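Here are a few friendly notes to read alongside the model. Take them one at a time, with the structure open.

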Amino acid sequence: MCNAQVLRLKVHGETPAFLRLEDPALASRHLTDIELRGLVFNNEFLDFSRCPALQHLKIKDSSFMHAERISSLSLKRLNIIRAMFNESSRTRIHAPNLASLELLVTVGRILILESMPLLVLADVAIAASCDCCSRSNNGDCGNENCTGCIPNDTSSVLLHGMSQAKSLEFGAGTEMFIFRRDLKCCPTFCRLKTLKLTEHYVHALSCILKHSPVLESLKLYLLVFNKGLKVNVKMSGRFNPTELPSTISPHLKSVKVQCGTVDRRVLKVLEFLSKLNISFSFNGKKRKAGGITSTT
């Protein structure tokens, strides 16, 4: 009635003191920005087809347990921070005109990201408790009562939806099988120029590098998935682009590694990078660690 362009609705309080939204979807020709916090969404409310001017949607500390889909044809920026999702099915994001995505999932199944051909920036972090199964590394234990697996759930969840991004930052708990499963049908990141990974799977790093033909900058934040952990070690890669393997982008200009401490898992990553003819400067001194020679 007021032709508002910006709507902010925040419910302050600890879980489960959420406001349950039973209302139908919003309908406004004027809304461009929506910010919501502390809500439990139903499926209909997250259909923004009747908000044709909507550009930016920000949702924090909310539950999507009863939502199957988030959809908008006009949306450009989407921020979902500290979200709880259903543990028996996946919520889908349908936003084909999205340019910027920030996603932090703390509980439940990872969202399915549908095609985002205009995506420029993606920052996705998944908590270690999401999509986990103690019986299987691939989420196919066969137990119908297992909350960590869904039978015949083999479609791409994350990577294909993010494959058009120019800048990608991704972090996941070490037990999350969805990322490893997506890698089996890894898409080509044909526009990706900046890659930041906050995990330490050598296989994942190798796979994405091989599928990023125009990559220019690689940053690895190892063992610092939890933002409270302090970065104590910083290393800068040195290499001759002409000496890189043919499977690695010839446009690569910068490789940086940060970690809390250099342990065996970090050394595995450094050993892998050394095979690509990449050496590192480490505290300004020459060091050898697990076959890695660091130079200034």
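Does Cys185 count as buried, partly exposed or exposed?

1. Cys185 counts as partly exposed, at 37% relative accessibility. Here buried means under 20% relative accessible area, exposed means over 50%, and partly exposed lies in between (1.4 Å probe, protein chains only). Cys259, by contrast, is buried, with a relative accessible area of 0%.

2. A word on the source: this is a predicted model, where local features need pLDDT of at least 70, side-chain atom pairs count only at pLDDT 80 or more, and totals for chains, interfaces and linings use all residues. Residues are numbered from 1 along each chain as its sequence is written, and side-chain values use heavy atoms, leaving out hydrogens and water.

3. The model has zero disulfides, a disulfide being a pair of cysteine sulfur atoms within 2.5 Å. For Cys185, the closest cysteine sulfur is in Cys186, and at 8.0 Å it is too far for a bond.

4. Now the strands (DSSP runs of E, at least two residues, numbered from the N terminus). Two strands pair if DSSP finds at least two bridges between them. S8 (residues 92–94) pairs with S10 over two bridges, and Arg92 has Ile112 as its bridge partner in S10.

5. Strand S15 (residues 233–238) has a covered face of Val233, Met235 and Gly237, while Lys234, Ser236 and Arg238 form the uncovered one. S15 pairs with S16 (residues 254–259) in the antiparallel sense over four bridges. Lys234 has Gln258 as its bridge partner in S16.
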